[in-house]
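Here is a briefing on a single structure. Topics follow one by one, with cut-offs given where each term comes up.

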Amino acid sequence: MPVAVKEGLSFATKALEIDRRSDIAYAMMSLLLTVDGRAAEAMPVAEQGLALNPNYAFLHFAHGMAAVRLRDADTTIRAAQNAIDLSPHDPSMFAFKTLLGIGLMLRGEPDDLSTARMHLREGASFERTTYYPFIGAALLALRAGNSDEVRIWISDALKKFPNLNAEYVREAAHPFYEGSPYCDYLDRLIEQGLPPGERRLIEE
């Protein structure tokens, strides 16, 4: 377990010992458990928090993050949409939109994929964003057979995140990609310009 995650979980635990109704503590504990690969533990933590305060957008986001790691597409989509509806001007809107797009990708019904593309494009448009919507949109373009669009998304991602590479993505997102319809796509993104990076062992 990374030191920062261990410390964060310790702080969240202490916060809940002080105040069992702290929605922020439930959200952070759930999110950190998910980051630590313990999404099955993170889900009930988020649900406990939501039972106390169903109006906290970031808690819905934490719930959705656990759900996407468990490949529960419907719960992911519902949680992300709840976060967006509850806080339409939230500073974390880039993350809410990205999560919704990834949930739709995971469900993968025909209408889902075009809607996912729209949400990922919006997620990538924020100044404060991550590489996830760029890679998600590139994966969708690859699935659609649009190589030109794939290269554009990879180029835009590298402009914003110059150190980005395939192994960085694989290490950060392997619970989503493994066993998903996109599990072999990451190597194909390398063919379209994503630097391969150096393969490292992923901490369990």
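By about how many helical turns are D148 and R151 of helix α9 separated? The answer is about one helical turn, because D148 and R151 are three residues apart in helix α9. Helices here are DSSP runs (H or I, at least four residues), numbered from the N terminus. This is a predicted model, where local features need pLDDT of at least 70, side-chain atom pairs count only at pLDDT 80 or more, and totals for chains, interfaces and linings use all residues. Residues are numbered from 1 along each chain as its sequence is written, and side-chain values use heavy atoms, with hydrogens and water left out.

**Helix α9**

- Helix α9 covers residues 147-160, and its end C-alpha atoms are 20 Å apart.
- E149, V150, W153, I154 and A157 are buried in α9 (buried is under 20% relative accessible area, exposed over 50%, partly exposed in between; 1.4 Å probe, protein chains only).
- These buried residues fall within an arc of 135 degrees seen down the axis of α9, so they line one face of the helix. The arc is taken from the directions from the helix axis to the C-beta atoms.
- D148, I152 and K159 are exposed on the other side of α9.
- The buried residues of α9 pack against α7 (110-125), α8 (132-143) and α11 (185-191); contact means heavy atoms within 4.5 Å.

**Salt bridges**

- The whole structure holds ten salt bridges (a side-chain nitrogen of Lys or Arg within 4 Å of a carboxyl oxygen of Asp or Glu).
- D148 and R151 form one of them, with the closest N and O atoms 2.6 Å apart. R151 is partly exposed at 39% relative accessible area.
- R107 bridges to D74 at 3.2 Å between the closest N and O atoms. R107 is in α6 (residues 93-107) and D74 in α5, so the pair ties together parts 33 residues apart in sequence.
- K97 bridges to E122, the closest N and O atoms being 2.7 Å apart. K97 lies in α6 and E122 in α7, so this pair ties together parts 25 residues apart in sequence.
- K97 is buried at 13% relative accessible area, whereas E122 is partly exposed at 30%.
- A network of salt bridges links D36, R38 and E41.

**Aromatic rings**

- There are six aromatic pairs (ring centres of Phe, Tyr and Trp, the last by its six-membered ring, within 6.5 Å; planes under 30 degrees apart are stacked, over 60 edge-to-face, the rest tilted).
- Y131 and Y168 have ring centres 5.6 Å apart and planes at 65 degrees, so the pair is edge-to-face. Y131 is in the loop between α7 and α8, and Y168 is in helix α10 (residues 166-177), 37 residues apart.
- Y131 is buried at 7% relative accessibility, while Y168 is partly exposed at 45%.
- F134 and W153 are also edge-to-face, at 5.9 Å centre to centre and 75 degrees between the planes. Both residues are buried.
- Ring pairs join F58, F61 and F96 into a cluster.

**Other single residues**

- L120 lies in helix α7 and is buried at 0% relative accessible area.
- Beyond neighbours within four places in sequence, L120 has contacts including T98, I102, P133 and L140.
- R71 is not a glycine, yet has a positive phi of about 60 degrees. R71 sits in the loop between α4 (57-69) and α5 (73-86).

Conventions:
Helix = DSSP H or I, 4+ residues; strand = E, 2+ residues; numbered from the N terminus. Expected span 1.5 Å × (residues − 1).
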